[in-house]
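Student: I have a model open and want to walk through it with you. Can we start on the surface?
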Amino acid sequence: MLTESRNNKFGMNAQWWTEALYPGIKNSGIAWVLMWRKDGPDYYFASYKGDVAEEDFKAFEDLKEILFLKEISKISY
């Protein structure tokens, strides 16, 4: 599990999701990444509309091995 990752206050990397987070979790065996989102332009953990990394978050979401709740809820156990 990876918790409390963020892209703020330390450079605002527009490709943070695909160039920082993804390489760190790819092939790591991590099964869960939890992102908190605090409301406000200077303190947040996940992207929001208008964020510098908004488009990169969408690219991260489209990676085949990244699953969000909507995909996980379709899996039969």
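Student: Which residues form a nonpolar patch on the surface?
Tutor: Leu 67, Ile 75 and Tyr 77. Together they have about 390 Å² of accessible area. Keep in mind that this is a predicted model.

Student: Where is Leu 67 found?
Tutor: In the loop between α2 (54–61) and α3 (69–72).

Student: And is Leu 67 buried, exposed or partly exposed?
Tutor: Leu 67 counts as partly exposed, because its relative accessibility is 44%.

Student: Let's do charges. What does the count of salt bridges come to?
Tutor: The count is 3.

Student: Take Lys 58. Which residue does Lys 58 pair with at 3.7 Å?
Tutor: Glu 54. The 3.7 Å is the gap between the closest N and O atoms of that salt bridge.

Student: Why are Lys 58 and Glu 54 about one helical turn apart?
Tutor: Because they sit 4 residues apart in helix α2.

Student: What about Glu 55 and Lys 58?
Tutor: Their side chains meet in a salt bridge too, 3.3 Å from N to O. Here the spacing in helix α2 is 3 residues, so about one helical turn separates Glu 55 and Lys 58.

Student: What links Glu 54, Glu 55 and Lys 58, then?
Tutor: A network of salt bridges.

Student: How exposed are the members?
Tutor: Glu 55 is exposed, with a relative accessible area of 55%. Lys 58 is partly exposed, at 37%.

Student: Which residue does Glu 61 bridge to?
Tutor: Lys 70. The closest N and O atoms of Glu 61 and Lys 70 are 3.2 Å apart. Glu 61 counts as partly exposed, because its relative accessibility is 23%.

Student: Now the inside. How many residues make up the largest nonpolar core?
Tutor: 9 in all. They are Trp 16, Trp 17, Leu 21, Tyr 22, Ile 25, Ala 46, Ala 53, Phe 60 and Ile 66.

Student: Which helix gives the largest share of this core?
Tutor: Helix α1 (residues 16–25), with 5 residues.

Student: What percentage of the chain counts as buried?
Tutor: 22% of the 77 residues.

Student: How many residues line the largest pocket, and which lie nearest its centre?
Tutor: The lining has 22 residues. Nearest the centre lie Ala 31, Trp 32, Val 33, Ile 66 and Leu 67. Two of those names came up earlier. Ile 66 belongs to the largest nonpolar core, and Leu 67 is part of the nonpolar surface patch.

Student: Backbone next. What is phi of Asn 27 near?
Tutor: 60 degrees, a positive value in a residue other than glycine.

Student: Where does Asn 27 lie, and is Asn 27 buried or exposed?
Tutor: Asn 27 is in the loop between α1 and β2. Asn 27 is exposed, with a relative accessible area of 75%.

Student: Last one. What pattern does the chain follow along the sequence?
Tutor: β-α-β-α-α. The secondary structure comes to 3 helices and 2 strands.

Technical notes: Residues are numbered from 1 along each chain as its sequence is written. This is a predicted model: local features need pLDDT of at least 70, side-chain atom pairs count only at pLDDT 80 or more; totals for chains, interfaces and linings use all residues. Side-chain values use heavy atoms; hydrogens and water are left out. Patches are made of residues with over 30% relative accessible area and no salt bridge: like charges are joined within 9 Å, nonpolar side chains (Val, Leu, Ile, Met, Phe, Trp, Tyr) within 5 Å. Accessible areas come from the Shrake-Rupley method with a 1.4 Å probe; for residues, only the protein chains shown count as cover. A salt bridge is a side-chain nitrogen of Lys or Arg within 4 Å of a carboxyl oxygen of Asp or Glu. Buried means under 20% relative accessible area, exposed over 50%, partly exposed in between (1.4 Å probe, protein chains only). A nonpolar core is a set of buried Ala, Val, Leu, Ile, Met, Phe, Trp, Tyr and Cys residues joined through side-chain atoms within 4.5 Å. On a 1 Å grid over the protein atoms alone, a cavity is a set of points where a 1.4 Å probe fits but cannot get out, and a pocket is an open set with protein on both sides within 12 Å along at least five of seven lines; lining residues have an atom within 4 Å of a point.
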